[in-house]
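Here is a short report on selected features of one protein model. The structure comes first, then the notes.

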Amino acid sequence: MNEQVNIEQIMEEIRQEIREKGISLDIPEFAGASEKPVAEIAPFDRNEFDRGVLAVQRNAQLECYAPILGNPIIKFIKRFVRKMVNFIIAPIVEDQNAFNAAAAETISSLQSYINELEKRVGELEASAVKGERK
């Protein structure tokens, strides 16, 4: 364990291997990157976002059991099967509900953040217009 690591030697070996394999070290430039505003590349529809947030909030909680329908024999069989698989299904549903709650909370936080940013942009635009009038 007392061996000294010679970084220069290792780097030279790597450089030699790169030269032998003909690998180019050119880093691409971002000259071809779009200069369009973000709104043109990925338009943001606020109404659609708000509808999505409501849908996530409404559907975040899963129910472990659906109502059992059918004739008495079918109901008995379904209840029996439900009891047999409950030990598998219940923990999965609990984990999914925990994830859904965290996702819904995060999305609601994003909505609040967007609201705050829109408010600040509006205030800045209003102060800029006042500054131009003076």
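## Asn-100 and its contacts

Asn-100 touches Asn-59, Ala-60 and Leu-62, leaving out residues up to four places away in sequence. The model is a predicted one.

Asn-100 lies in helix H4. Is Asn-100 buried or exposed? Its relative accessibility is 14%. Asn-100 therefore counts as buried, since the cut-off is under 20%.

## Helix H3 and Arg-46

Helix H3 covers residues 46-58, 13 residues in total. From first C-alpha to last it reaches 18 Å, close to the 18 Å expected at 1.5 Å a residue. At the start of H3, a side-chain oxygen of Asp-45 comes to within 3.2 Å of the backbone nitrogen of Asn-47.

Arg-46 belongs to helix H3. Arg-46 has a relative accessible area of 18%, so it is buried. Which residues does Arg-46 contact, leaving aside neighbours within four places in sequence? They are Gln-111, Ile-114, Asn-115 and Glu-118.

Phe-76 has a relative accessible area of 57%, so it is exposed. In an α-helix there are 3.6 residues a turn, so residues three or four places apart point the same way.

Methods
Residues numbered from 1 in each chain as written. Predicted model: local features only at pLDDT ≥ 70, side-chain atom pairs only at ≥ 80, totals over all residues. Heavy atoms only, no water. Buried < 20%, exposed > 50% of the residue type's maximum accessible area, 1.4 Å probe, protein only. Helix = DSSP H or I, 4+ residues; strand = E, 2+ residues; numbered from the N terminus. Contact = heavy atoms within 4.5 Å. Expected span 1.5 Å × (residues − 1). Polar contact = N/O pair within 3.5 Å; in protein donor to acceptor, adjacent residues only side chain to side chain.
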